[in-house]
Amino acid sequence: MLIADALIMWAHLLAASIWVGGSIFIGIVLAPLLKTISDSVEGRLSIMIRVGRKFNKIGVPSLIVLIVTGIYNSAGVITKPSMILDTNYGIVLLIKVLLVIALIIIFAIHVRLIRGEVERKIESKELSGDALQKLRSKIITLGRLTVIISILILLMAALLHAGV
């Protein structure tokens with residue numbers, strides 16, 4: 001069982017590296033770099049959407065692996081429901097689960113916001129300047145929330161690992 005548990009933890013850590021690392025890269029490295037790649041808001045949004053779609057091909061499976069392995073990792077510790085509110089581990093785990101739920105909701109809104117129809121309108125310059133700025137602002141806000149929540153989830157994981 002030790003090898004299986006180690007492999008599951010490895011998969012969890014690998015998936016976390018992909019999800020969080022990719023999210024941070026997109027938000028902190030790529031987004032500011034886009035200003036040097038394209039002068040137009042449409043161009044920057046179009047590139048960001050294409051990069052996001054490519055990232056989602058590995059990011060979404062990583063998020064699923066994170067959730068499944070996270071459930072497995074905590075199932076051995078939380079042996080009865082009362083432990084969730086009666087122990088520090090349970091409370092931190094509950095906070096982590098709530099953050100994961102928030103992350104999934106924010107990610108779903110983010111994906112829904114930049115569906116194919118919207119991408120087509122951006123590339124064909126059908127959106128007014130005001131609508132484009134509102135969309136850009138929403139995308140940036142949702143992206144930042146995704147990164148912040150992902151980092152907070154990592155903090156909760158570290159606290160759980162430390163036995164807090």
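The model is predicted, so local features require pLDDT of at least 70 and side-chain atom pairs pLDDT 80 or more, while totals for chains, interfaces and linings use all residues. Residues are numbered from 1 along each chain as its sequence is written, and side-chain values use heavy atoms, with hydrogens and water left out.

A cartoon view shows six helices and zero strands; helices (H or I, at least four residues) and strands (E, at least two) are DSSP runs, numbered from the N terminus.

Next, select helix 1 (residues 2–37) and helix 6 (residues 129–162), which pack at an angle of about 145° with axes 9 Å apart. Axes are lines fitted to C-alpha atoms, for helices over the stretch in contact, and angles run from 0 to 180 degrees between N-to-C directions. Display Ala16, Trp19, Val20, Ser23 and Ile24 of helix 1, which meet Thr146, Val147, Ser150, Ile151 and Leu154 of helix 6 (contact means heavy atoms within 4.5 Å).

Now turn to helix 5 (residues 116–123), where lysine 121 and glutamate 117 lie four residues apart, about one turn of the helix. Their side chains meet in a salt bridge at 3.4 Å, N to O. The structure holds three salt bridges, each defined as a side-chain nitrogen of Lys or Arg within 4 Å of a carboxyl oxygen of Asp or Glu.

Finally, select helix 4 (residues 88–113), which supplies the largest share of a nonpolar surface patch, eight residues. Leucine 85, also selected for this view, is placed in helix 3 (residues 83–86). Patch residues have over 30% relative accessible area and no salt bridge; like charges are joined within 9 Å, and nonpolar side chains (Val, Leu, Ile, Met, Phe, Trp, Tyr) within 5 Å.

Definitions and conventions
Areas by Shrake-Rupley, 256 points an atom, 1.4 Å probe, with all protein chains shown as cover.
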